[in-house]
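Good morning, colleagues. Please look at the structure on the screen while I take you through its contacts, its core and its salt bridges.

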Amino acid sequence: MQLMTLDDIISCSSGSMPLPPTLHDRWSGDVAALSGSDAAKASAFAEIIAAHTQPLRRYHGVRHLEALFAHLDEHAPVDAPVALHFAVWWHDVVYEPHTSDNESRSAELARKRLNELGAPPPVLASTVALILATQNHWQ
């Protein structure tokens with residue numbers, strides 16, 4: 001997968017709507033305390049947005065991320081653990097409609113990227129557990 005630059009991300013569109021800058025602002029806040037480089041943080045964000053703007057995504061796209069964060073803002077405590085935010089970012093990053101391992105592959109990618117970004121082990125473990133909890137959520 002070819003990564004987009006930050007400028008590409010901000011100006012990209014999913015369908016006919018541009019990427020809202022609030023997603024970038026939220027990402028910046030979520031990764032601010034991590035020890036990874038700015039380049040690694042930008043690359044992870046680009047990877048997430050590139051995945052969510054693939055043409056095959058009708059539901060699991062950028063608007064899905066926005067909706068989940070709006071739901072989180074409305075219902076989660078203000079001091080919700082950052083792992084909850086990371087689980088939203090990565091829970092559908094791997095999406096192949098005819099496979100059954102999207103969540104486990106998304107969780108593994110989250111573990112890898114968050115480790116590269118310097119997330120503490122408890123954040124890694126909680127993020128992965130939250131993503132895996134979404135397996136079979138449609139049943």
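This is a predicted model: local features need pLDDT of at least 70, side-chain atom pairs count only at pLDDT 80 or more; totals for chains, interfaces and linings use all residues.

Ala-119 is in contact with Leu-34, Leu-114 and Leu-124, once its neighbours within four places in sequence are left aside; contact here means heavy atoms within 4.5 Å. Ala-119 sits in the loop between helix H6 (102-116) and helix H7 (121-132). Helices (H or I, at least four residues) and strands (E, at least two) are DSSP runs, numbered from the N terminus. With a relative accessible area of 7%, Ala-119 is buried; the term buried means under 20% relative accessible area, exposed means over 50%, and partly exposed lies in between, with a 1.4 Å probe and protein chains only. Val-31 is 88 residues away from Ala-119 along the chain, and the C-alpha atoms of the two are separated by 8.7 Å.

Residues are numbered from 1 along each chain as its sequence is written, and side-chain values use heavy atoms, with hydrogens and water left out.

Let me now turn to the chain as a whole. It has seven helices and two strands, and along the sequence they follow the pattern α-β-β-α-α-α-α-α-α. Of the 139 residues in the chain, 42% are buried. Among contacts with a separation of 6 or more, 65% are between residues 24 or more positions apart.

What is the size of the largest nonpolar core, and which residues have the most contacts inside it? The core has 31 residues, and those with the most contacts inside it are Trp-27, Phe-86, Trp-89 and Trp-90. Helix H2 (21-31), H3, H4, H5, H6 and H7 each supply at least two residues of this core, and H5 gives the largest share, six residues. By nonpolar core I mean a set of buried Ala, Val, Leu, Ile, Met, Phe, Trp, Tyr and Cys residues joined through side-chain atoms within 4.5 Å. Beyond its neighbours within four places in sequence, Trp-27 is in contact with Lys-41, Ala-44, Phe-45, Ile-48, Trp-89, Trp-90 and Leu-117.

Lys-41 deserves a separate word. This lysine belongs to helix H3 (residues 38-52). Lys-41 is buried yet has no salt bridge, and the nearest side chain of opposite charge, Asp-38, is 4.5 Å away. For charge, Lys and Arg count as positive and Asp and Glu as negative, while His and the chain ends are not counted. A salt bridge is a side-chain nitrogen of Lys or Arg within 4 Å of a carboxyl oxygen of Asp or Glu. A polar atom of the Lys-41 side chain does lie 3.0 Å from the backbone oxygen of Leu-34. Not counting residues up to four places away in sequence, Lys-41 touches Trp-27, Val-31, Ala-32, Leu-34, Gly-36 and Leu-117.

Two histidines in loops come next. His-60 lies between H3 and helix H4 (62-75) and, at 13% relative accessibility, counts as buried. Its contacts, apart from neighbours within four places in sequence, are His-52, Asp-92 and Tyr-95. His-91 is in the loop between helix H5 (82-90) and H6, and is buried at 9% relative accessibility. The His-91 side chain reaches the backbone oxygen of Val-88 at 2.8 Å. Leaving aside neighbours within four places in sequence, His-91 is in contact with His-64, Leu-68, Ser-106 and Ile-131.

Finally, the salt bridges: a search of the whole structure finds seven. One of them joins Asp-73 and Arg-26, with the closest N and O atoms 2.6 Å apart. Asp-73 lies in helix H4 and Arg-26 in helix H2, so this pair ties together parts that are 47 residues apart in sequence.

Another salt bridge pairs Glu-47 with Arg-113, again with 2.6 Å between the closest N and O atoms. Glu-47 in helix H3 and Arg-113 in helix H6 are 66 residues apart, and the pair links distant parts of the chain. Glu-47 is buried, at 11% relative accessible area, and Arg-113 is buried at 17%. Arg-113 also meets Glu-116 in a salt bridge of 3.4 Å, N to O. Because they are three residues apart in helix H6, Glu-116 and Arg-113 are separated by about one helical turn. Glu-116 is partly exposed, at 46% relative accessibility.

Note on methods
A polar contact is a pair of N or O atoms within 3.5 Å; within protein, one must be able to donate a hydrogen and the other to accept it, and residues adjacent in sequence count only if both atoms are side-chain atoms.
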